Amino acid sequence: MEISNTSGRRKTSVARIYMQAGQGNITINGREMKAYFANELLENIVNQPLATVEQVGQYDIKVNVRGGGISAQAEAIRLAISKALVGDNSEVRPALKKEGFLTRDPRMVERKKFGKRKARRSFQFSKR
């Protein structure tokens with residue numbers, strides 16, 4: 001298998017991955033995944049598509065991710081890995097689709113409106 005190159009997005013995070021057959025090393029922004037995501041839950045989010053198709057440890061993945069928080073970055077990486085797995089083997093698509101890993105989450109932060117304190121929150125009303 002040659003190197004597959006895909007991207008995933010979530011909120012304002014953009015993840016670009018380069019995936020090839022290997023020993024299961026996942027490098028994020030030049031650091032090991034355990035060093036980048038201190039929380040084990042975020043590591044599990046990244047590994048979910050590989051665990052679903054039972055291919056954990058079969059691919060070396062190099063990730064460039066920027067923007068957003070670490071949770072959104074983990075979900076952006078998950079989407080990118082899912083897309084790369086489908087590009088490599090289209091038979092895994094139904095399993096990943098069923099789990100919802102191929103759907104880009106469209107929820108974004110709502111912009112602040114004028115005359116309001118936040119997007120919808122009004123300023124505190126003072127009767128006197």
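Reader: What makes R120 exposed?

Author: R120 has a relative accessible area of 64%. Buried means under 20% relative accessible area, exposed over 50%, and partly exposed in between, with a 1.4 Å probe and protein chains only. R120 is therefore exposed. This is a predicted model: local features need pLDDT of at least 70, side-chain atom pairs count only at pLDDT 80 or more, and totals for chains, interfaces and linings use all residues. Residues are numbered from 1 along each chain as its sequence is written, and side-chain values use heavy atoms, with hydrogens and water left out.

Reader: Why is the contact between E110 and R120 called a salt bridge?

Author: The term asks for a side-chain nitrogen of Lys or Arg within 4 Å of a carboxyl oxygen of Asp or Glu. The side chains of E110 and R120 meet at 3.1 Å, N to O. E110 and R120 both lie in the segment after α4, so the pair ties together parts that are 10 residues apart in sequence.

Reader: Why does E110 count as partly exposed?

Author: The relative accessible area of E110 is 39%, so E110 is partly exposed. E110 also forms a salt bridge with K113, at 2.8 Å from N to O. K113 has 25% relative accessibility, so K113 is partly exposed too.

Reader: What about R111: buried or exposed?

Author: R111 is exposed, because its relative accessible area is 57%. R111 sits in the segment after α4 (93-99). From C-alpha to C-alpha, R111 and V86 are 34 Å apart in space, and they are 25 residues apart in sequence.

Reader: How many salt bridges does the whole structure hold?

Author: A search finds 6. One of them joins R10 to E75, with the closest N and O atoms 3.0 Å apart. R10 lies in strand β1 and E75 in helix α3, so this pair ties together parts that are 65 residues apart in sequence. R10 is buried, because its relative accessible area is 9%.

Reader: Which residues stand opposite each other?

Author: N5 stands opposite Y18 in β2. G8 stands opposite A15 in β2. The bridge partner of Y18 in β5 is K62. I26 has I61 as its bridge partner in β5.

Reader: Which residues of β1 are on the covered face?

Author: S4, T6, G8 and R10 are on the covered face, and N5, S7 and R9 on the uncovered one. In a regular strand the side chains alternate between the two faces of the sheet.

Reader: Why are α2 and α3 called roughly parallel?

Author: Their axes come within 8 Å and cross at roughly 10°. Axes are lines fitted to C-alpha atoms, for helices over the stretch in contact, and angles run from 0 to 180 degrees between N-to-C directions. Angles under 35 degrees count as roughly parallel, over 145 as roughly antiparallel, 65 to 115 as roughly perpendicular and the rest as oblique. α2 and α3 are therefore roughly parallel to each other.

Reader: What makes a group of residues a nonpolar core?

Author: The members are buried Ala, Val, Leu, Ile, Met, Phe, Trp, Tyr and Cys residues joined through side-chain atoms within 4.5 Å. The largest such core has 29 residues, and those with the most contacts inside it are I28, F37, I61, I77 and L85. α3 gives the most to this core, with 8 residues.

Methods: Pairing = 2+ DSSP bridges. Helix = DSSP H or I, 4+ residues; strand = E, 2+ residues; numbered from the N terminus.
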